[in-house]
Amino acid sequence: MSNEWPLWEVFIRAKAGLDHKHCGSVHAPDATMALQAARDVYTRRQEGVSIWVVRADQIVASDPGDKHEFFDPMQDKIYRHPTFYQLPEEVNHI
Amino acid sequence: MYTQAMDVPNADDAPSVAAPANEAEAAAHFDARCAAGEYVEAKDWMPDNYRKTLIRQISQHAHSEIVGMLPEGNWISRAPSLKRKTILLAKVQDEGGHGLYLYAAAETLGVSRDELLTALHTGRAKYSSIFNYPTPTWADIGVIGWLVDGAAIMNQVPLCRCSYGPYARAMVRICREESFHQRQGFDSLQTMMQGTDAQRAMVQDAVNRWWWPVLMMFGPHDKDSQHSETSTKWGIKRISNDELRQKFVDATVEQAKVLGVGLPDPALTWNAERGHHDFGAIDWTEFWNVVNGHGPCNRERLAAKVKAHDDGAWVREAALAFSAKQAARAAA
């Protein structure tokens, strides 16, 4: 078990102008091989022009159990959305 | 590929244990989420049985993709032309890729790659029985693409909407690639059907051998299916085995006509009343024999898989040692 290659999360930019997007993970002993494995596994049909790999154990994530408390402050601030404001018909397209 | 083995339980699956009070509440909330069509993500709370069912299903699916490389890999060095060889290489590479997407999805449920591989290598985990049949002729490769991958697509498309997000996303990638597999198979067979009598006979012989095992890929009849009920409740399974099998038969009859091959079932007829094709009885004794290890190639497939893993051990160790040395140098 201890001999298992570490896990890397893979993020791919599909084309210039788009964000890198998480697409899966690979096991690899180091960053160079992780990049090569990610290319072989996730871009066999030109799905990407750029790859990021990140050691899975280096990612800090929010806790889904705290989801409600963590994101709650945003819920009652509807004035942050443009649709909150009723404007006269003539200018309502802004 | 190839999801038939889904319905085959592992011997060591513990029976479900009643949830304690607070868990019962969480479980009810979970069921409601599934019923509402929400996706479940890796770190969300989930019932033990949901986790276990998915680990079993996703890993069996992954194993099937990997073992599925063997019957086709058998023909890479003997493909009849460079064109067919490059196509087959790409297809077999895809199967490897599908296995890796799926292992990664299974690992999000808290099981390690090593544990999954050990389960396969020791025979505890199943893979799709279809790969325990041999590929003695080149026509088998075309038929695997057309029928085996065709059946797989029927099985897999509904899994793109599986309630478990990482599995659903892996299935979306897989389905996108699987269409190439089926089309190249049909194309290869069509070429042979335009060839000599001997080539046409080779295609017909392959279709005759694969037809029934392919129908078995959809798993036992709904009334005999062990995991279906909870899997349906949790949005893991969306369409029943029999429904998918019927859909496959209906689609394939038309394709066989275009190809000009017969399907080896005298009972296969159009039933206008049902709006579907009727077909003959499946030999479930053969199915369970193959599932339980007595198919034509079970031992050979598993031995080849274990040997590849063992032969590669020194490479994995060397790569790890190299990486440790580089890291130590960088730190110094």
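**The sheet and its surroundings**

Modeller: Chain A has an open sheet of three strands in the order 2-1-3, with antiparallel pairing. Strands, like helices, are DSSP runs numbered from the N terminus (strands E, at least two residues; helices H or I, at least four), and two strands pair if DSSP finds at least two bridges between them. This is a predicted model, in which local features need pLDDT of at least 70 and side-chain atom pairs count only at pLDDT 80 or more, while totals for chains, interfaces and linings use all residues. Residues are numbered from 1 along each chain as its sequence is written, chains are lettered from A and ligands numbered from 1 in the order in which they are written, and side-chain values use heavy atoms, with hydrogens and water left out.

Biologist: Which strands of chain A stand at the edges?

Modeller: Strands of a sheet pair through backbone hydrogen bonds, either parallel or antiparallel. Here strand 2 and strand 3 (50-55) of chain A are at the edges; each has a single partner strand, so one side of each lacks a neighbour in the sheet.

Biologist: How many bridges join strand 1 of chain A to strand 2 of chain A?

Modeller: Seven bridges join strand 1 (residues 7-13) to strand 2 of chain A, and the two run antiparallel. In this pairing, A:L7 is opposite A:H27 of strand 2.

Biologist: Is A:H20 buried or exposed?

Modeller: Buried means under 20% relative accessible area, exposed over 50%, and partly exposed in between (1.4 Å probe, protein chains only). A:H20 belongs to strand 2 (residues 20-27) of chain A, and it counts as buried because its relative accessibility is 14%.

Biologist: Which side chains make polar contacts with that of A:H20?

Modeller: A polar contact is a pair of N or O atoms within 3.5 Å; within protein, one must be able to donate a hydrogen and the other to accept it, and residues adjacent in sequence count only if both atoms are side-chain atoms. The side chain of A:H20 has such a contact with that of A:S50 at 2.7 Å, and another with that of A:W52 at 3.3 Å.

Biologist: Where is A:Q46 found?

Modeller: A:Q46 lies in the loop between helix 1 and strand 3 of chain A. Its relative accessibility is 76%, so A:Q46 counts as exposed. Although A:Q46 is not a glycine, it has a positive phi of about 55°.
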